[in-house]
Amino acid sequence: MVALMLAWAVCVVGGSTLLHEFGHAWTARAVGWKVIGLRWRWYGVAFVADTDGKPEQLWKVALGGLGVTALLALGFLAGTSLPEPAPFLFGFGFALNAVMLLTNLVPAPQLDGGQVLAGLRRVRSR
């Protein structure tokens with residue numbers, strides 16, 4: 001049972017991280033950027049794109065990853081209403097994605113929240 005729970009945790013962490021980055025990539029393609037691929041770093045994974053002369057769209061791309069993480073958190077939260085042992089397993093997925101969402105909302109320049117805030121300031125100042 002411990003091995004199954006460990007496998008679940010690895011899948012939730014890895015899958016949630018990749019889907020968050022794919023949310024950025026899907027949005028990047030939607031705003032006209034060329035997505036080059038994923039880059040593995042010591043702190044995790046990040047997508048790489050050519051802004052194609054449209055760096056002002058960065059805040060929208062940041063919102064793409066945040067949106068996917070929010071949807072994952074809601075999906076895992078819904079899974080907690082299933083019979084045992086689902087509430088524990090899905091509760092872990094909800095907690096992980098909620099923490100990832102809240103962390104990325106911090107308005108630091110390196111995080112998605114900082115990119116969204118900077119972009120909204122530029123749009124507002126026009």
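Two residues are in contact when heavy atoms lie within 4.5 Å of each other. The structure described here is a predicted model, in which local features need pLDDT of at least 70, side-chain atom pairs count only at pLDDT 80 or more, and totals for chains, interfaces and linings use all residues. Residues are numbered from 1 along each chain as its sequence is written, and side-chain values use heavy atoms, with hydrogens and water left out.

Confidence was examined first. pLDDT is the predictor's confidence in each residue, from 0 to 100. The protein chain has a mean pLDDT of 92. A value of 70 or more is reached by 98% of its residues. Confidence is highest in α2, with a mean of 97. It is lowest in β2, with a mean of 85.

The overall fold comes next. Helices (H or I, at least four residues) and strands (E, at least two) are DSSP runs, numbered from the N terminus. The protein chain holds 4 helices and 2 strands. Their order along the sequence is α-β-β-α-α-α. Along the principal axes, the C-alpha atoms fill a box of roughly 55 × 30 × 25 Å. Among contacts with a separation of 6 or more, 54% join residues 24 or more positions apart.

A residue is buried under 20% relative accessible area, exposed over 50%, and partly exposed in between (1.4 Å probe, protein chains only). Of the 126 residues, 31% count as buried. In soluble globular proteins, nonpolar side chains tend to be buried together. A nonpolar core is a set of buried Ala, Val, Leu, Ile, Met, Phe, Trp, Tyr and Cys residues joined through side-chain atoms within 4.5 Å. The largest such core has 6 residues: Ala25, Ala28, Val31, Trp33, Phe47 and Val61. Beyond its neighbours within four places in sequence, Trp33 is in contact with several residues, including Ala28, Phe47, Asp52, Pro55 and Val61.

Asp52 sits in the loop between β2 and α2. Its phi is near 50 degrees, a positive value in a residue other than glycine. Asp52 counts as partly exposed because its relative accessible area is 45%. The peptide bond from Glu84 to Pro85 is cis, with omega near 0 degrees.

Gly64 belongs to helix α2. With 12% relative accessibility, Gly64 is buried. Leaving aside neighbours within four places in sequence, Gly64 is in contact with Gly23, His24 and Thr27. Gly64 and His20 are 44 residues apart in sequence, yet their C-alpha atoms are 7.9 Å apart in space.

A pocket is an open set of points where a 1.4 Å probe fits, with protein on both sides within 12 Å along at least five of seven lines; lining residues have an atom within 4 Å of a point. The largest pocket contains about 790 Å³ of space. Its lining has 28 residues, with Glu21, Val45, Ala46, Gln110 and Asp112 nearest the centre. α1 gives the largest share, 7 residues. By class, 16 lining residues are nonpolar, 10 polar and 2 charged. Glu21 lies in helix α1. Glu21 is buried, with a relative accessible area of 10%.

How values were computed:
1 Å grid on protein atoms, 1.4 Å probe; cavity = no way out; pocket = protein on both sides within 12 Å on 5 of 7 lines; lining within 4 Å. Points joined across faces, edges and corners; volume = space filled by probe spheres on them. Nonpolar A, V, L, I, M, F, W, Y, C, P; charged D, E, K, R; others polar.
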